[in-house]
Amino acid sequence: MYKTAVIGAGLMGSGIAIAYSAAGYQVMLFDFEEVLKKSLENIKNILAELSRLQILKNEDQNKILERISMTTSLEDAVKDAEIVTEAVSESLELKINLFKQLDEICGKEVILASNTSSFKISEIAQRVNRKQRVVGTHWWNPPYLMPLVEIIRTDFNSEIIERVVNLFTKTLKKQVVVCKDSPGGVGVRLQAALFAEAMKIYDEGLVSASDLDKIVKLTLGMRYPLFGPFQIADLGGLDVFLHAHDYLSKRLGERFTPIRRLVSMVENGELGVKTGKGFYTYPKDYLEKVLKKRNETILEILRIQSKFDV
Ligand SMILES: NC(=O)c1ccc[n+]([C@@H]2O[C@H](COP(=O)([O-])OP(=O)(O)OC[C@H]3O[C@@H](n4cnc5c(N)ncnc54)[C@H](O)[C@@H]3O)[C@@H](O)[C@H]2O)c1
C-alpha cells in the first residue's frame, strides 16, 4: 500500500490526510500530542458528516480512519512515504526549517510538497539540498471536497511535475492546474485582489461589510460557477472592459490599468464573443447555447442560496 505523510494536523493537514486515505494511502499525520488528539476527533466528525451526505458508506468511514496513523516523531511520520505534505502554520522560517529537516531524513526519491498559501515555493526550495524535489501542492479547504489543487512548478522541479500531476489526477481524482511559482500562487492571489478592493471600498464607506458581501454573492458569485474572469470579459465585450478600465485607472489608480495585450486585442478587433474571438475562440451558436446554460444555472444557484441562510 502507498504511504504518505502529512506534517501539521490542523484544519488543512487533517483534511488532506482524509483525502489521501480515501484514495487508499496509508497516512502518517504528524503534530504535537494535544493537536493530534483534536485532529482525530475532527477527522471522525468529518467522516461522519461525509457519510451523512452519502459521499461515504459507513464501512468506508472505518477503513479511511484505520488508514490514518498519528505520530509525534518526524522520522516515523516520513518512513516509507512516497510524498510528504507540509501543512504547518504559515511561517516562512518554520517551513524552511522543516523542509531542511525533511530533506535530511527522507529518501532521495521522496517528494516534499508544501501547502503554503502565500510563500513562493522557491524561497523554501532554495534553502534545501535537493531543491528539485520540492513542489507546491496548494489544496483548498475543505481538501476532501474541493475539486482542484494548484501544483506549483519552480525553476528546479520540472522533473517531478509529471509524477505529481499523475498522483493528483489519477489517484486522488483531483483536477489540477500547474502554475509557475509566484507569491500567492494564482487562486489565493485572485482572492487577495478581490479582498484588497473590498477593504478599500469598505474603508471608503461606500457600503457596509454585509452589503458588500451581498453584492458579491448575488452578482459576481452567480457567474463564477460557470465563467472565469476571461470568459466574463469575452461575453461582456473586451472593448467595453478596456474603456471601463481606462476610466477606472484614471480615477482610482494604476491597479486598474489595462495590460498591453488587452489594448492590442481590441485594436485587432478581437472583442470576445461578438466578433468570435477574444481570449477564446467561439463557434457561431455559442451565445445561444451559453445563455440557456447560464439561465438554468442562475435558477439552480438561487434555489441553493434560498436553503443556505447563514
Ligand atoms: N486554512 C485554509 O483555508 C488554507 C487553505 C490552503 C492552504 N492553507 C495553508 O495550509 C497551511 C496550514 O494551514 P491551516 O489552516 O491548516 O493551519 P492550522 O493552524 O489549522 O494548522 C497548522 C498546524 O501546524 C502545526 N505546527 C505548528 N508548528 C509546527 C511544527 N514546528 N511542527 C509540526 N507542526 C507544527 C500546528 O500545531 C497546527 O496544528 C498553512 O501554510 C496555510 O497557509 C490554508
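In helix α1, the residues Met12, Gly13, Ser14, Gly15, Ile16, Ala17, Ile18, Ala19, Tyr20, Ser21 and Ala22 are buried. A residue is termed buried if 20 or more other C-beta atoms lie within 10 Å of its own, exposed if 12 or fewer, and partly exposed in between, with C-beta atoms placed from the backbone. Helices (H or I, at least four residues) and strands (E, at least two) are DSSP runs, numbered from the N terminus. The model is predicted: local features need pLDDT of at least 70, side-chain atom pairs count only at pLDDT 80 or more, and totals for chains, interfaces and linings use all residues. Residues are numbered from 1 along each chain as its sequence is written.

The protein chain contains 13 helices and eight strands. Its C-alpha atoms fill a box of roughly 60 × 45 × 45 Å, taken along the principal axes. Of its 310 residues, 28% count as buried. The domain assignment gives domain 1 (3–180) and domain 2 (207–303); such bounds come from an automatic or database domain assignment. The centres of domain 1 and domain 2, taken over C-alpha atoms, are separated by 35 Å. Among contacts in the protein chain with a separation of 6 or more, 62% join residues 24 or more positions apart. Two residues are in contact if their C-beta atoms, placed from the backbone, lie within 7 Å.

Helix α1 has 12 residues and reaches 17 Å from its first C-alpha to its last, close to the 16 Å expected at 1.5 Å a residue. The expected span is 1.5 Å times one less than the number of residues in the helix. Because 11 of the 12 residues of α1 are buried, this helix is largely enclosed by the rest of the structure. Its buried residues pack against the strands β1 (3–7), β2 (26–30), β3 (68–71) and β4 (83–86), and against the helices α2 (33–52) and α3 (58–66). Just after α1, glycine 24 takes a positive phi of about 100°.

Tyrosine 25 is placed in the loop between α1 and β2. This tyrosine counts as buried, with 24 C-beta neighbours inside 10 Å. Not counting residues up to four places away in sequence, tyrosine 25 touches Tyr2, Lys3, Thr4, Tyr20 and Arg67. Tyrosine 25 and glutamine 175 are 150 residues apart along the chain, and their C-alpha atoms are separated by 18 Å.

The ligand is surrounded by 21 residues, of which the closest are Gly8, Gly10, Met12, Ser117 and Asn141. Helix α1 (residues 11–22) gives the most to the shell, with three residues. By class, the shell has 11 nonpolar, eight polar and two charged residues. Ala, Val, Leu, Ile, Met, Phe, Trp, Tyr, Cys and Pro count as nonpolar, Asp, Glu, Lys and Arg as charged, and the others, Gly among them, as polar.

In the largest nonpolar core, which has 54 residues, Ala5, Ile7, Ala17, Val84, Leu112 and Val135 touch the most other members. The largest share of this core, seven residues, comes from α1. Apart from this core lies another, of six residues, among them Ala233, Phe241, Val266 and Leu271. A nonpolar core is a set of buried Ala, Val, Leu, Ile, Met, Phe, Trp, Tyr and Cys residues joined through C-beta atoms within 7 Å. Alanine 5 touches Met28, Phe30, Ala77, Val78, Ala81 and Val84, not counting residues up to four places away in sequence.

Most residues other than glycine have a negative phi, and most peptide bonds are trans. Glutamine 54, which is not a glycine, has a positive phi of about 65°. Glutamine 54 lies in the loop between α2 and α3 and is exposed, with 7 other C-beta atoms within 10 Å. Aspartate 80 also has a positive phi, near 65°. This aspartate is found in the loop between α4 (74–78) and β4 and is partly exposed, with 13 other C-beta atoms within 10 Å. The peptide bond from asparagine 141 to proline 142 is cis, with omega near 0°. Proline 142 is found in the loop between β6 (134–138) and β7 (148–153).

Conventions
A residue is near a molecule or strand if its C-beta atom, placed from the backbone, lies within 6 Å of it.
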